Amino acid sequence: QVQLVESGGGLVQPGGSLRLSCAASGLAFSLYHMGWYRQAPGKQRELVAQITSTTTTNYADSVKGRVTISRDNAKNTVFLQMNNLKPEDTAVYYCNVFRYGIIYWGQGTQVTVSS
């Protein structure tokens with residue numbers, strides 16, 4: 001029963017910040033890579049950031065320098081710190097994990113950047 005639950009989204013003005021959280025359960029969290037993706041209406045789901053079990057990180061060019069992904073293995077949680085947000089960052093943000101050949105997704109959390 002792998003479950004991923006995102007939280008922390010909301011309404012922010014351009015230039016503002018948000019910290020998203022993804023709480024995982026039902027897996028040995030520290031063993032797996034985790035990722036954050038986003039999907040805007042009418043668009044494909046796209047990678048935002050990912051972090052490996054050894055904390056190596058990778059970012060999409062569109063967010064590099066504004067976003068930091070991190071994980072707290074003791075709390076089974078992965079975070080996405082987002083700074084200097086832009087209107088084009090508006091989307092539903094999902095966390096995911098690839099485990100035993102299956103990709104699991106959370107329910108998503110809405111991020112809206114607007115003045």
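Glu46 first. In this predicted model, Glu46 is partly exposed, with a relative accessible area of 31%. Its partner is Arg38: the two form a salt bridge, with the closest N and O atoms 2.9 Å apart. Now look at the other end of that bridge. Arg38 counts as buried, because its relative accessibility is 5% and the cut-off is under 20%.

Arg38 has a second bridge. Its side chain meets that of Asp89, again in a salt bridge, at 2.9 Å from N to O. This pair links distant parts of the chain. Asp89 sits in the loop between β8 and β9, Arg38 sits in strand β4, and they are 51 residues apart. Is Asp89 buried or exposed? Buried, with a relative accessible area of 0%.

Next, Arg66. Arg66 forms a salt bridge with Asp89, and here the closest N and O atoms are 2.8 Å apart. Arg66 lies in the loop between β6 and β7, and Asp89 in the loop between β8 and β9, so this pair ties together parts 23 residues apart in sequence. Arg66 is buried too, at 9% relative accessible area.

How many salt bridges does the structure hold? It holds 3. Arg38, Glu46, Arg66 and Asp89 are linked by them in a network. As a reminder, side chains of opposite charge can pair when their charged atoms come close.

On to the aromatics. The structure holds 3 aromatic pairs. One of them is Tyr32 with Tyr100, edge-to-face, 6.0 Å centre to centre, with 90° between the planes. Tyr32 is in the loop between β3 and β4, and Tyr100 is in the loop between β9 and β10, so the pair ties together parts that are 68 residues apart in sequence. The burial of the two partners is worth a look. Tyr32 counts as buried, at 10% relative accessibility. Tyr100 counts as exposed, at 64%.

Another pair is Tyr94 with Trp105, also edge-to-face. The centres are 6.4 Å apart, and the planes make 85°. Tyr94 belongs to strand β9 and Trp105 to strand β10, so parts 11 residues apart in sequence are tied together. Tyr94 is buried, at 14%. Trp105 is partly exposed, at 35%.

Ile103 is found in strand β10, residues 102-105.

The largest nonpolar core has 30 residues. Those with the most contacts inside it are Trp36, Val48, Ile69, Val78, Leu80 and Tyr93. Seven strands each supply at least two residues of this core: β3, β4, β5, β7, β8, β9 and β11.

Take Ile69 from that list. What does Ile69 touch, leaving out residues up to four places away in sequence? Met34, Trp36, Ala49, Gln50, Ile51, Thr57, Tyr59, Val78, Phe79 and Leu80. Trp36, Val78 and Leu80 are also among the residues with the most contacts inside the core.

To recap: a salt-bridge network runs through Arg38, Glu46, Arg66 and Asp89. Over to you.

Key:
Residues are numbered from 1 along each chain as its sequence is written. This is a predicted model: local features need pLDDT of at least 70, side-chain atom pairs count only at pLDDT 80 or more; totals for chains, interfaces and linings use all residues. Side-chain values use heavy atoms; hydrogens and water are left out. Helices (H or I, at least four residues) and strands (E, at least two) are DSSP runs, numbered from the N terminus. A nonpolar core is a set of buried Ala, Val, Leu, Ile, Met, Phe, Trp, Tyr and Cys residues joined through side-chain atoms within 4.5 Å. Buried means under 20% relative accessible area, exposed over 50%, partly exposed in between (1.4 Å probe, protein chains only). Contact means heavy atoms within 4.5 Å. Rings of Phe, Tyr and Trp (its six-membered ring) pair if their centres lie within 6.5 Å; planes under 30 degrees apart count as stacked, over 60 as edge-to-face and the rest as tilted. A salt bridge is a side-chain nitrogen of Lys or Arg within 4 Å of a carboxyl oxygen of Asp or Glu.
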